[in-house]
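Good morning, and thank you for the time on today's agenda. Please have the sequence and the model open while I speak.

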Amino acid sequence: MSKTGYRAPAIAAEEVSLRVPENQRKEVRVLDVAAGTGLVGKELTRRGFTNIDAVEPSDNMMKQIKSSGIYTLMFQEFLGLGQNTIPKGTYDIVVSAGAIRENHIPLSGIDDMIHFTKTGGLVVLLMNNFDVGPKHKAESHMNQLEEKGLWCKESSEILSNYFLGKEGIVFIYRVL
Ligand SMILES: C[S@@+](CC[C@H](N)C(=O)[O-])C[C@H]1O[C@@H](n2cnc3c(N)ncnc32)[C@H](O)[C@@H]1O
């Protein structure tokens, strides 16, 4: 467990790893959305991933992830604004932990994540399961995206010890 009791980055990396055989981890292209200080990237690196890009809007966080040496390309941008410079249809896996919540990535940022992912690629989204309002809004938006035929849900799983013993949830979607 991390010193802060925040387990989302390790769980996110584990969920990604479960879906990528070890001999493919150097090739698959991964985008860490809302990378923060780079904890998800660090956990992915520990599991053999080497082709990881990041999106993170904050100056301070961006300085930290630049100095980490983990990421190849780093986009200092907000998702959900209707425009960004991140290439479309590019990533095998888009992963994001802890950023679908009040005052963070808006629901339209989830649509952006679909656009960055290759057809047949995966979006792996982790969020807390105790701020029920944001979680319900996100889930209903993600269901609408499925009804529109943009992606299909592979799984959702409750995580019993996401943050200091409180629950989280991981959603896995395949982009169509
Ligand atoms: C709680 S941190 C999570 C960081 C990292 N994913 C982790 O699990 O350690 C949330 C991050 O979301 C970023 N963020 C907030 N709004 C965003 C947006 N619209 N687009 C992309 N990132 C955003 C913040 O700058 C912050 O670094």
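I shall begin with the ligand site and then turn to individual residues.

This is a predicted model, in which local features need pLDDT of at least 70 and side-chain atom pairs count only at pLDDT 80 or more, while totals for chains, interfaces and linings use all residues. Residues are numbered from 1 along each chain as its sequence is written, and side-chain values use heavy atoms, with hydrogens and water left out.

Let us start with the ligand. Which residues come nearest to the ligand? There are 18 residues around it, and those that come nearest are Tyr6, Ala34, Glu56, Leu79 and Ala97. A residue is near a molecule here if one of its heavy atoms lies within 4 Å of it. By class, this shell holds 12 nonpolar, 4 polar and 2 charged residues. In that scheme, Ala, Val, Leu, Ile, Met, Phe, Trp, Tyr, Cys and Pro are nonpolar, Asp, Glu, Lys and Arg are charged, and the others, Gly among them, are polar.

How much of the ligand does the protein bury? Taken alone, the ligand exposes 600 Å², and the protein buries 86% of that; these areas come from the Shrake-Rupley method with a 1.4 Å probe.

I now move to the helices. Ile11 belongs to helix α1, residues 8-18; helices are DSSP runs of H or I with at least four residues, strands are runs of E with at least two, and both are numbered from the N terminus. Ile11 counts as buried because its relative accessible area is 10%; buried means under 20%, exposed over 50%, and partly exposed in between, with a 1.4 Å probe and protein chains only. Ile11 is 29 residues from Val40 in sequence, and their C-alpha atoms are 8.8 Å apart.

In helix α2, residues 39-46, we find Glu43. Is Glu43 buried or exposed? Glu43 is buried, since its relative accessibility is 16%. Its side chain makes a polar contact of 3.1 Å with that of Arg46; such a contact is a pair of N or O atoms within 3.5 Å, where within protein one must be able to donate a hydrogen and the other to accept it, and residues adjacent in sequence count only if both atoms are side-chain atoms.

Next, the loops. Lys88 sits between β3 (74-75) and β4 (91-97), and its relative accessible area of 54% makes it exposed. Lys88 and Phe116 are separated by 28 residues in sequence, with 4.2 Å between their C-alpha atoms.

Asn103, in the loop between β4 and α4 (108-116), has a positive phi of about 65° although it is not a glycine. Asn103 is exposed, at 75% relative accessible area. Leu164, in the loop between β6 (151-163) and β7 (166-175), likewise has a positive phi, near 50°. Leu164 counts as exposed because its relative accessibility is 58%.

Finally, Glu167 lies in strand β7. Glu167 is partly exposed, with a relative accessible area of 36%. Between Glu167 and Ala35 there are 21 Å, C-alpha to C-alpha, and the two are 132 residues apart in sequence.
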